[in-house]
Amino acid sequence: MTDPIADMLTRIRNALVTKKETVEIPSSNMKKAIADILLAEGYVKDVKMVEDGYNGKIVLTLKYTETNQSVIGGLKRVSKPGLRTYSGAATMPKVLGGFGIAIVSTNKGVMTDKQAKAQNVGGEVLCYIW
C-alpha cells in the first residue's frame, strides 16, 4: 500500500455511503492521531484500539444526525506521496471558510489548522474534512 492515509479516508467514506455504524482501519501512529482529531472535533462518536496479534486495528464509531445524515460531509486527501503539499502558519488553508478542518502534520505533532495557526507552526497538509 503506497498511501495508508488515503486508504483510511476511503474506508471512512465507503462506510458513510453504506450507513455503517463502525469501520475498522489497520493501525498506525499517524492514523491514530488523525482518528483522535476526528473524535476531538466531533466528527466521530468513538475511537477504540483493538489488538489483533499483528499491528492492531482502529475501530471508529461513526456519527449520524437524527435524520440519518452523516456528520462528515466530505473527506479530501491533499498531500499525496507523488505530490507533497506544505503550508506555513500564515498561509494555512481554510476549509469551507472555516466550517471544516484541515489536518496538518507538523514538527509538534498532528493537529488541526486552527491549532497550527495558534502555535505558529506550518507543516504538511494531510487532508480536509468538512
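Because the model is predicted, local features are reported only at pLDDT of at least 70 and side-chain atom pairs only at pLDDT 80 or more, whereas totals for chains, interfaces and linings use all residues. Residues are numbered from 1 along each chain as its sequence is written, and side-chain values use heavy atoms, with hydrogens and water left out.

The account begins with the sheet. Helices (H or I, at least four residues) and strands (E, at least two) are DSSP runs numbered from the N terminus, and two strands are taken to pair if DSSP finds at least two bridges between them.

Strand β3 (residues 57-62) pairs with β1 in the antiparallel sense over five bridges, and Val59 in β3 is the bridge partner of Glu24. Between β2 and β3, the antiparallel pairing extends over six bridges, and Val47 stands opposite Leu60 in β3. The hairpin of β2 and β3 has six residues between the strands, and Gly53 takes a positive phi near 85° there.

The nonpolar core is considered next. Such a core is a set of buried Ala, Val, Leu, Ile, Met, Phe, Trp, Tyr and Cys residues joined through side-chain atoms within 4.5 Å. The largest one has 26 residues, of which Ile12, Leu60, Leu62, Ile103 and Ile129 touch the most other members. At least two core residues come from each of α1, β1, α2, β2, β3, β6 (101-106) and β8 (123-129), and α1 gives the most, with six residues.

Contact means heavy atoms within 4.5 Å. With neighbours within four places in sequence left aside, Ile103 is in contact with residues including Ile34, Ile37, Val110, Met111 and Ile129.

Key: Buried < 20%, exposed > 50% of the residue type's maximum accessible area, 1.4 Å probe, protein only.
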